[in-house]
Amino acid sequence: MAQHDSDNPRGNSRANASGAGRGPGSGGTTHFGFEQVPVGEKQKRVREVFSSVAQKYDVMNDLMSFGIHRLWKRFVIDLAGVRAGEKVLDLAGGTGDLAREFRKLAGPRGLVTLADINAEMLGQGRISLADKGVVDVPFVQANAECLPFEDGTFDCITIAFGLRNVTDKDKALASMRRVLKPGGRLLVLEFSKPQTALLNKVYDQYSFKLLPLMGKLVANDADSYRYLAESIRMHPDQATLKGMMEDAGLARVQVYNLTGGIVAVHRGYRLD
Ligand code: SAM
């Protein structure tokens with residue numbers, strides 16, 4: 001399913017190296033989906049989206065991705081290579097799909113923390129993990145842009161489908177690098193830029209027609225799922241995100257395209 005693509009030469013998407021999608025631009029505004037909003041407002045709008053979808057989040061994830069999000073997450077879990085005794089942060093961890101697996105791998109000497117900005121999503125995460133018998137994961141309400149952890153705390157940080165919702169992505173990446181131990185790794189799993197024109201076309205139809213319809217039928221919330229589609233289009237493409245991670249001081253950044261680039265995993269290391 002995955003193809004290794006560390007030298008991805010992309011750069012022609014709506015959210016490319018010109019800076020669109022990176023975060024706040026000049027003039028005190030940023031994007032919320034396709035809408036320009038004052039910088040201070042984006043976080044509130046994102047919070048409203050996830051508070052609204054929290055209860056149906058897991059069901060909708062399975063429906064929208066036809067269950068494929070599980071394979072994408074499995075790929076990240078394997079690539080993260082978490083070992084017994086390690087300290088792991090699952091950032092924007094939501095309902096805890098990754099944290100649950102990392103908890104098993106880190107073992108009794110390890111520590112897995114789930115952080116998310118949204119209280120409702122954290123609440124769903126707690127319920128979901130407890131249902132599966134996982135009760136030793138600390139839940140921390142935190143903004144990715146200013147993580148409340150000491151420098152050099154974690155061996156591994158993951159952020160799955162979270163970064164595109166963050167207002168200042170550069171600040172968030174710098175914050176993640178700060179709390180990584182030297183030698184530690186950051187893995188970003190996020191929607192990205194499909195690699196062929198045909199796939200792009202099909203995906204556009206799916207995102208802008210089917211997704212809001214499913215949102216309306218299942219969660220009675222077409223707007224949140226329209227935001228989801230728009231936020232994906234506004235997210236930096238593979239090459240741009242790789243550059244952003246390097247600018248944040250992460251090294252040896254590799255890009256793995258999954259499902260034709262609909263989703264990509266970026267892995268980088270803090271070296272010093
Ligand atoms: N990681 C989970 C997964 O893959 O299923 C949840 C992903 S969900 C699409 C995005 C999550 O990012 C939400 O739980 C949301 O509350 C969180 N989030 C959005 N902005 C954030 C921020 N600035 N800092 C931390 N978490 C944030």
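Colleague: Hi! Which residues come nearest to the ligand?

Modeller: Y57, A92, D116, A144 and A160 do, out of 20 residues around the ligand. Keep in mind that the model is predicted.

Colleague: Thanks! What does the backbone of A92 do there?

Modeller: One of the backbone N or O atoms of A92 lies 2.8 Å from a ligand nitrogen. A160 has a polar backbone atom 2.9 Å from a nitrogen atom of the ligand, and for I117 the distance from a polar backbone atom to a ligand nitrogen is 3.3 Å.

Colleague: And how much of the ligand does the protein bury?

Modeller: The protein buries 97% of the 590 Å² that the ligand exposes when taken alone. Two elements, α1 (39–53) and α2 (57–65), each give two or more residues to the shell around the ligand.

Colleague: What classes of residue make up that shell?

Modeller: There are eleven nonpolar, seven polar and two charged residues in the shell.

Colleague: New topic: which residues touch the most other members in the largest nonpolar core?

Modeller: That core has 50 residues, and M64, W72, F102, L189, F191, V263 and V265 touch the most other members. Helix α3 (residues 68–80) gives the most to this core, six residues.

Colleague: Why would nonpolar side chains sit together?

Modeller: In soluble globular proteins, nonpolar side chains tend to be buried together.

Technical notes:
Residues are numbered from 1 along each chain as its sequence is written. This is a predicted model: local features need pLDDT of at least 70, side-chain atom pairs count only at pLDDT 80 or more; totals for chains, interfaces and linings use all residues. Side-chain values use heavy atoms; hydrogens and water are left out. A residue is near a molecule or strand if one of its heavy atoms lies within 4 Å of it. A polar contact is a pair of N or O atoms within 3.5 Å; within protein, one must be able to donate a hydrogen and the other to accept it, and residues adjacent in sequence count only if both atoms are side-chain atoms. Accessible areas come from the Shrake-Rupley method with a 1.4 Å probe; for residues, only the protein chains shown count as cover. Helices (H or I, at least four residues) and strands (E, at least two) are DSSP runs, numbered from the N terminus. Ala, Val, Leu, Ile, Met, Phe, Trp, Tyr, Cys and Pro count as nonpolar, Asp, Glu, Lys and Arg as charged, and the others, Gly among them, as polar. A nonpolar core is a set of buried Ala, Val, Leu, Ile, Met, Phe, Trp, Tyr and Cys residues joined through side-chain atoms within 4.5 Å. Buried means under 20% relative accessible area, exposed over 50%, partly exposed in between (1.4 Å probe, protein chains only).
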